[in-house]
Amino acid sequence: MIRGGRARSQRAGTFKAYIRIRDNYTCQLCGCKLGGVCDLHYAPVGQLDVAHIVPYTECLDTKPENVRLLC
């Protein structure tokens, strides 16, 4: 099976964009927003990452219910 490629990266980008919109560009751990100042790290938030709740290696699940936005 061949991994990567254009189609896979487009799906990943669309999925991450959906999660950012779903979570309203807000960190699900501390509640800070993109461009604001994080109360947990006392630093400006320049990037929000999409991260698994249950690690992918444990459940092999990339459903939207298993990911959240974190600073």
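## Close-up views of a predicted model

**View 1. Thr-26 and the residues it touches.** Setting aside residues up to four places away in sequence, Thr-26 touches Gly-31, Cys-32, Lys-33, Leu-48 and Leu-69 (contact means heavy atoms within 4.5 Å). Look for Thr-26 in the loop between helix H1 (6–22) and strand E1 (49–52); helices (H or I, at least four residues) and strands (E, at least two) are DSSP runs, numbered from the N terminus. Thr-26 counts as buried because its relative accessibility is 13% (buried is under 20% relative accessible area, exposed over 50%, and partly exposed in between, with a 1.4 Å probe and protein chains only).

This is a predicted model, where local features need pLDDT of at least 70, side-chain atom pairs count only at pLDDT 80 or more, and totals for chains, interfaces and linings use all residues. Residues are numbered from 1 along each chain as its sequence is written, and side-chain values use heavy atoms, leaving out hydrogens and water.

**View 2. Pro-64 in its loop.** Pro-64 lies in the loop between helix H2 (56–59) and strand E2 (67–70). With 25% relative accessibility, Pro-64 counts as partly exposed. Beyond its neighbours within four places in sequence, Pro-64 is in contact with Phe-15, Tyr-18, Ile-19 and Arg-22.

**View 3. Leu-34 in the loop between H1 and E1.**
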